[in-house]
Amino acid sequence: MSIKAAIYALVTEHAGAKAILDTRIYPQRAPSGTPLPYAVYHRISPERQYHLGGFAGCTRELIQVDAWADTPAEAEAMADALIDAMEVQQVQAGGILIESIELQSQRDTDQDPQDGRDLPVFGSSLDFRIWHKTL
């Protein structure tokens, strides 16, 4: 499977994140018209690990997760739920073994009105460092 499947599984199987997002977490971009709140995630920098014999079977990736909501408070609550769902150690998800996930940084953000909305949307951008192995 893939890191994308693992992220989806971690978030949608976590009670706190599921209560806020249900299954509205998407790779790269949410479908047009997706109701708030929702989250999208992006692979920023995968780094395959090697030793003298070749690929060591372990990958370290930086993944950005953007949480979007109607208010700054909702975006912050969703970010907290995403952190709780994703900061894990030694767990199998999406067909891979996740060695660890650590939050590296968090930023507040917003976007101008879009998709026919009158109001801006507010977000929190989270960067996670993920170590994983394919099973």
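**Helix crossing, sheet and loops**

Colleague: Does H1 pass H3 in a left-handed or a right-handed crossing?

Modeller: Helices (H or I, at least four residues) and strands (E, at least two) are DSSP runs, numbered from the N terminus. A crossing counts as left-handed if the near helix is turned anticlockwise from the far one by less than a right angle, and as right-handed if clockwise. The crossing of H1 past H3 is right-handed.

Colleague: What pLDDT must side-chain atom pairs have to count?

Modeller: Residues are numbered from 1 along each chain as its sequence is written, and side-chain values use heavy atoms, with hydrogens and water left out. This is a predicted model: totals for chains, interfaces and linings use all residues, local features need pLDDT of at least 70, and side-chain atom pairs count only at pLDDT 80 or more.

Colleague: Is H1 roughly parallel or roughly perpendicular to H3?

Modeller: Axes are lines fitted to C-alpha atoms, for helices over the stretch in contact, and angles run from 0 to 180 degrees between N-to-C directions. Helix H1 (residues 3-12) packs against H3 with the axes 8 Å apart, at an angle of about 115 degrees. Angles under 35 degrees count as roughly parallel, over 145 as roughly antiparallel, 65 to 115 as roughly perpendicular and the rest as oblique. H1 is therefore, relative to H3, roughly perpendicular.

Colleague: How many residues of the contact of H1 with H3 are nonpolar?

Modeller: With contact meaning heavy atoms within 4.5 Å, H1 contributes Ile7, Leu10 and Val11, and H3 contributes Leu82, Ala85 and Met86. Ala, Val, Leu, Ile, Met, Phe, Trp, Tyr, Cys and Pro count as nonpolar, Asp, Glu, Lys and Arg as charged, and the others, Gly among them, as polar. The contact has no polar and no charged residues, and its nonpolar residues number 6.

Colleague: What is the order of the strands in the open sheet?

Modeller: Strands of a sheet pair through backbone hydrogen bonds, either parallel or antiparallel. Here two strands are taken to pair if DSSP finds at least two bridges between them. The pairing in this sheet is mixed, and the order of its 6 strands is E1-E2-E3-E6-E5-E4.

Colleague: Which strands are the edge strands?

Modeller: An edge strand pairs on one side only. The strands concerned cover residues 25-27 and 89-93, and they are E1 and E4.

Colleague: Over how many bridges do E5 and E6 pair?

Modeller: Ser100 of E5 (residues 96-111) stands opposite Trp131 in E6. Strand E6 (residues 121-134) runs antiparallel to E5, and the number of bridges is 14.

Colleague: How many residues does the hairpin from E2 to E3 pass through?

Modeller: E2 and E3 run antiparallel and are joined by 12 bridges. His51 stands opposite Gly54 in E3. The number of residues in the hairpin connecting E2 to E3 is 2.

Colleague: Is Thr59 buried or exposed?

Modeller: Thr59 sits in strand E3, which pairs with E6 in the antiparallel sense over 12 bridges. Not counting residues up to four places away in sequence, Thr59 touches Glu47, Arg48, Ile130, Trp131 and His132. Buried means under 20% relative accessible area, exposed over 50%, partly exposed in between (1.4 Å probe, protein chains only). At 9%, Thr59 is buried.

Colleague: What is the relative accessible area of Ala79?

Modeller: Ala79 is in helix H3. Beyond four places away in sequence, Ala79 touches Ala67, Gln106, Ser124 and Leu126. Ala79 is buried, and the relative accessible area is 0%.

Colleague: What distance separates the C-alpha atoms of Ile83 and Glu102?

Modeller: Ile83 also lies in helix H3 and is buried at 11% relative accessible area. Ile83 and Glu102 are 19 residues apart along the chain, and their C-alpha atoms are separated by 8.8 Å.

Colleague: What is omega of the cis peptide bond between Leu36 and Pro37?

Modeller: Most residues other than glycine have a negative phi, and most peptide bonds are trans. Pro37 is in the loop between E1 and E2. The bond from Leu36 to Pro37 is cis, with omega of about -5 degrees.

Colleague: Near what value is phi of Gln28?

Modeller: Gln28 is found in the loop between E1 and E2. With 55% relative accessibility, Gln28 counts as exposed. Phi of this residue, which is not glycine, is positive and near 70 degrees.
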